[in-house]
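Here is a short report on one protein chain. Please look over the sequence and the structure first.

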Amino acid sequence: MDRVKGKTCVITGAALGIGKACAERLADEGAAVALFDLHDAEGEALAAALRARGARASYWHVDVADEAAVKAAIDEAVAAFGGLHALVNNAGIAGVNKPTHEITEAEWDRVQAVNVKGVFFCTKHAIPHLRRAGGGSIIHLSSIYGLVGAADSPPYHASKGAVRLMAKTDAMIYAPDRIRVNSIHPGFIWTPMVEGHLKASFADPAAAREAVAALHPLGHLGAPDDIAWGVVYLASDESKFITGSELVIDGGYTAH
Ligand code: NAI
């Protein structure tokens, strides 16, 4: 119940999918949670639901690709909750699923703006607060697509590979400040992102879901909570000797 009691966590992309599960599990384990997203109705509803079960939770409308908005929201969350101890860089988009030679510059740039620059902005503006707290934990949502290739979504692969190494670099830079930085690498998790990806890319999304499930030796897709429990672990002091590391939660996808 109290694995992250007394900590304040910022979670980006917290309104839906994996981010929502992270907010729920962190709040249930005692954290105050600051929810950042663009889906205001879902974000506000989640904050209200968490408060109704006794947690400290608030929602901010933040585009992680907008540096001024990121800084303002992080500063406000810290003022509201009295400090910052963990940042979950979860917000991300799948982007276009086209071969490289068909992708426009704007399509490429939008994925990098959210998935890479968004992680940079949030990390940049969280660091001063984490330092003031005497340390903390930053968790980047990378992907199996940040570890191995597949014949789809080139800008997404590039972005997830980038955040994997951003975690390692910042782990080295901020270790003296006792700020740990790690990446999580989910396999396919059943969320609005994956549902949308299958609908956009395949004539028969149900058959595609089965085919994707079969890529995981455990034989099925993951659930958002499978990732959220990893986030709770990395945000908590249970993981105090882990930094610059990769937590792979993928049903065996990358074990081949
Ligand atoms: P999702 O699309 O279901 O939810 C993402 C959330 O992020 C949404 O609430 C969305 O509004 C928010 N968001 C998107 N752009 C934003 C922006 N610019 N500023 C603020 N919020 C923004 O996605 P899902 O599946 O929950 O993914 C979460 C993270 O996990 C992403 O970084 C994704 O790349 C990563 N991931 C997901 C996998 C999966 O199979 N679902 C597998 C591996 C990694």
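## Strand β1 and its partners

β1 and β2 are paired in the parallel sense, over five bridges. Strands count as paired if DSSP finds at least two bridges between them. Helices (H or I, at least four residues) and strands (E, at least two) are DSSP runs, numbered from the N terminus. The model is predicted: local features need pLDDT of at least 70, side-chain atom pairs count only at pLDDT 80 or more, and totals for chains, interfaces and linings use all residues. Residues are numbered from 1 along each chain as its sequence is written, and side-chain values use heavy atoms, with hydrogens and water left out.

From β1 the chain passes through α1 to β2, a right-handed β-α-β crossover. Right-handed means that, with the strands pointing away from the viewer, the path from the first strand over the helix to the second runs clockwise. Cys 9 also has a bridge partner in β2, namely Val 33. β1 pairs with β4 as well, in the parallel sense, over three bridges. There, Ile 11 stands opposite Val 88 of β4.

How many residues of β1 are buried? Five of the five are, so the strand is largely enclosed by the rest of the structure. Buried means under 20% relative accessible area, exposed over 50%, and partly exposed in between (1.4 Å probe, protein chains only). Thr 8, Val 10 and Thr 12 point one way from β1, Cys 9 and Ile 11 the other way, and all are buried.

β2 runs parallel to β3, joined by five bridges. Phe 36 stands opposite Trp 60 of β3. The chain gets from β2 to β3 through α2, and this β-α-β crossover is right-handed.

α1 has twelve residues. Its span from first C-alpha to last is 17 Å, close to the 16 Å expected at 1.5 Å a residue. The expected span is 1.5 Å times one less than the number of residues. Just after α1, Gly 30 takes a positive phi of about 105°.

α4 covers residues 105-132, which is 28 residues. It reaches 39 Å from first C-alpha to last, close to the 40 Å expected. Where does α4 bend? The bend is at Ala 113, by about 40°. That angle is taken between axes fitted to the seven residues ending there and the seven starting there. Gly 134 follows α4 and has a positive phi, near 85°.

## Nonpolar cores

In soluble globular proteins, nonpolar side chains tend to be buried together. A nonpolar core here is a set of buried Ala, Val, Leu, Ile, Met, Phe, Trp, Tyr and Cys residues joined through side-chain atoms within 4.5 Å. The largest has 32 residues. Ile 11, Leu 26, Val 33, Leu 35, Leu 50, Ile 139 and Ile 184 touch the most other members. Elements that each supply at least two residues include β1, α1, β2, α2 and α8. A second, separate core of 28 residues includes Val 70, Phe 81, Leu 130 and Ala 171.

Ile 139 has contacts (heavy atoms within 4.5 Å) beyond its neighbours within four places in sequence. They include Leu 87, Val 88, Ile 184, Val 231 and Leu 234.

Ser 153 has a positive phi, near 45°. It lies in the loop between β5 and α5, and is buried at 4% relative accessible area.

Arg 178 also has a positive phi, near 60°. Its loop runs between α5 and β6. Arg 178 counts as exposed, at 64% relative accessibility.
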